[in-house]
Amino acid sequence: MTQYLIRRTLWSITMLIAVTALVFVIFFLLPGAAGNAGSGKYPPVAVRIAGKQPSPATIEAIIDRLGLDRPVHEQFFSYLGNAAQGDLGYSYQTEEPVTQAVLRRLPPTIGLALGASVLWLLIGCTIGVISALKRRTVWDRASMIGALAGVSMPVFWIGLMAVFFFDSRLQIYDTGSYVPFTSNPLQWLSVMWLPWIVLALTYAAIYSRMVRGNMLEVGGEDYIRTARAKGLTERSVIRHQLRSALTPVVTMYGLDLGLLLGGAIITENIFNIPGIGSYTVTAIAQQNLPVILGTTVIASFFIIFSNLIVDVFYAILDPRVTYS
Amino acid sequence: MGEPILEVKDLKVHFPTPDGVVKAVDGLTFTVHRGETFGIVGESGSGKSVTCLTALGLIKRESAQISGEVLFEGHDLLKLSNEDLRPIRGKGLSMIFQDPFACLHPFYRVGDQIIEAIQCHDSCDKNEAKNRTIGLLDAVGIPQPDDRIRDYPHQFSGGMRQRAMIAMALAHNPSLLIADEPTTALDVTVQAQILELIDHIKQEFNIGVILITHDLGVVADVAQSVMVMYAGRAVEYGSRDEVFSGPLHPYTWGLLESIPNIDRKGGRLVPIEGAPPSLIRVPTGCAFNPRCPHRFDPCDKDRPELLDRGGGHPEACHLRIEDKKRLWNEREAGRVEVAS
Ligand SMILES: Nc1ncnc2c1ncn2[C@@H]1O[C@H](COP(=O)(O)OP(=O)(O)O)[C@@H](O)[C@H]1O
Ligand SMILES: [Mg+2]
């Protein structure tokens, strides 16, 4: 077990480095990349930061300050070295330390992701289980039509409709009034409920379909027949069924949550939540490499480690799986 | 043979499907007595499993049209609700299944699954249930049962799992054990052990056993009565000796000739030609007629009923009894000739 964890952690770190390298390649080496001077004199990103009609001296000062003239591999390794010590560099734009900015923007993202995920987990599993148990009834048909609609509607559309409806029309929601949970929990709640629902809807639809499918599949298993044959009450039989049907949900939940902790880009932008996702979008628009790198590393971290946690968890839930 | 414990009367189980009605069981009557092993034999798809699952109420009633009677301990099981069947399942009437690899819940410990079976009918504490489980596992020949109860099913071999299933089925001293192809998924050597175990249990507890198999050879060793099924109906029904020494139905002949290494006369192994019919479109007349080498005029028109035509036990074949005896003798002689 310990050995397994060490091996997986090392592998995770390797993956993080590879992701960082990939971003460097995209930023510096690809033709037309922001950090690639190409046939021109200066890398586009330096010209951009220098502002309108900059003098060559300004541009060169910027290049010098950001170290853009150093060889790419040198920049890469110094970045890795600093990152290992928790220093993700400084924003090109605001010169704020990226580590600090990311930490500041993490709580809104975590709040959004956790809240939404609890919501979709509850809704998705409940609907899925009931639909499977009441298969072919009106409830089942209606839920599955609803779920189909849910998976078909893109988040950005649901989000914009929600803002339009609750903010502009009903005026019971105030978009963009985010405050941290710690400074005013009630207002935080009054801001978060709508993005939670918007973000949760699609997932709830997917989860309810998956849970229903799992329940029906497991319901046809021989060991469920055994459970009935030995005289268990229908309740206990359903418990046996749930045990198998919900185990894969744990995996999916972990992976989905990990993905969202790296920033719910669309939802955060629509509702003006100052999380990792909206930070990333701004950074990309500004060709702000340290921020792009910082958010990418953080997002990759969550994805890679949620994978690890899910695998460890799965081996606990499924006795047939061993660490190897 | 003791008193009757299970009486099935004119059982019909029809599944309406989009392609037509599947007549999985179509008028089946038989009786199982205490202390006997009742063999049900037939190729796969002949309705053997459906028959037994229906008795236990394990066929979804809304998916099937079920008629007839299944009398057990004074009840007609077909008339009982799911709730009323529950106290009978696993208590008076237990069942073990074909595929021991799929029959135990992979996420629960084997011991816990048996403990659960004990506790769902007896209100005893966990510790007592655990001790009884160890005793049961020991009785079915699982070594070190006090350690093995903590194992998960995947840590058991196929034979061990079937033993565990048998232990579970015996938890409440049932009066009838239904074993649906209990050895089909197992290695040959293990098969013999499991059959021996079932036979031993039958004698020790004086219970009735229904042994379902597609292999007449399996039944030959342990059964006292045999019912041969084809396309949802019985085609021959008698004591083991009657069926094995004087088989009267060409389908039974075919099954007998396809038993490998039969230690009676001859050694030729002849599979029955063709395949069992679709149960949606069962041939008119005798369902076996398209595959029967001895079919004659009425076979594809009149359905032969299951009755004693003078051969000593019921069968469903239009041939005259003298012809049957002659044909079977000829077939046996042919087999010996080829073998020698
Ligand atoms: N729920 C069901 N719906 C439709 N057909 C079924 C159902 N269950 C069993 N059958 C059909 O009934 C027939 C008999 O099946 P079964 O009793 O399992 O055969 P056997 O056990 O003799 O191999 C098969 O053709 C099978 O496809
Ligand atoms: Mg079967």
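Which residues are around ligand 1? They are B:Phe15, B:Val22, B:Ala24, B:Glu43, B:Ser44, B:Gly45, B:Ser46, B:Gly47, B:Lys48, B:Ser49, B:Val50 and B:Leu279. A residue counts here if one of its heavy atoms lies within 4 Å of the ligand.

## Basis of the model

This is a predicted model, in which local features need pLDDT of at least 70, side-chain atom pairs count only at pLDDT 80 or more, and totals for chains, interfaces and linings use all residues. Residues are numbered from 1 along each chain as its sequence is written, chains are lettered from A and ligands numbered from 1 in the order in which they are written, and side-chain values use heavy atoms, with hydrogens and water left out.

## Ligand 1

Polar contacts to ligand 1 include backbone and side-chain atoms of chain B. A polar contact is a pair of N or O atoms within 3.5 Å; within protein, one must be able to donate a hydrogen and the other to accept it, and residues adjacent in sequence count only if both atoms are side-chain atoms. B:Gly45 places a backbone N or O atom 2.7 Å from an oxygen atom of ligand 1. A polar backbone atom of B:Val50 is 2.8 Å from an oxygen atom of the ligand. B:Lys48 uses its side chain: a polar atom there lies 2.8 Å from a ligand oxygen.

## Chain A: helices and domains

Chain A has 13 helices and 0 strands. Helices (H or I, at least four residues) and strands (E, at least two) are DSSP runs, numbered from the N terminus. The C-alpha atoms of chain A fill a box of roughly 85 × 55 × 40 Å along the principal axes.

Chain A divides into domain 1 (15–85) and domain 2 (103–317). These bounds come from an automatic or database domain assignment. Over C-alpha atoms, the centres of the two domains are 37 Å apart. Their contact (heavy atoms within 4.5 Å) takes 13 residues from domain 1 and 12 residues from domain 2.

## Between the domains of chain A

The size of an interface is often given as the accessible area lost when the parts come together. Domain 1 and domain 2 of chain A bury about 1100 Å² between them, 78% of it on carbon and sulfur atoms. Buried area is the accessible area (1.4 Å probe) that two parts lose on being put together, summed over both.

On the domain 1 side, helix H1 (2–29) and helix H2 (44–50) of chain A each supply at least two residues. H1(A) gives the largest share, 8 residues. This side divides into 11 nonpolar, 1 polar and 1 charged. Ala, Val, Leu, Ile, Met, Phe, Trp, Tyr, Cys and Pro count as nonpolar, Asp, Glu, Lys and Arg as charged, and the others, Gly among them, as polar.

## Between chains A and B

Chain B and chain A bury about 2100 Å² between them, 63% of it on carbon and sulfur atoms. The contact takes 24 residues from chain B and 19 residues from chain A. There are 2 salt bridges between the chains. One of them joins the side chains of A:Lys230 and B:Glu116 (3.2 Å, N to O).

Helix H3 (100–103), helix H4 (110–119) and helix H7 (158–169) of chain B each supply at least two residues of the side that touches chain A. H4(B) gives the most, with 3 residues. The chain B side divides into 15 nonpolar, 5 polar and 4 charged.

## Salt bridges overall

The whole structure holds 33 salt bridges over all chains. Among them, the side chains of B:Arg34 and B:Glu3 meet at 3.2 Å, N to O. This pair links distant parts of the chain, 31 residues apart. B:Arg34 is in the loop between strand S2 (20–33) and strand S3 (37–41) of chain B, and B:Glu3 is in the segment before strand S1 (4–17).

Conventions: A salt bridge is a side-chain nitrogen of Lys or Arg within 4 Å of a carboxyl oxygen of Asp or Glu.
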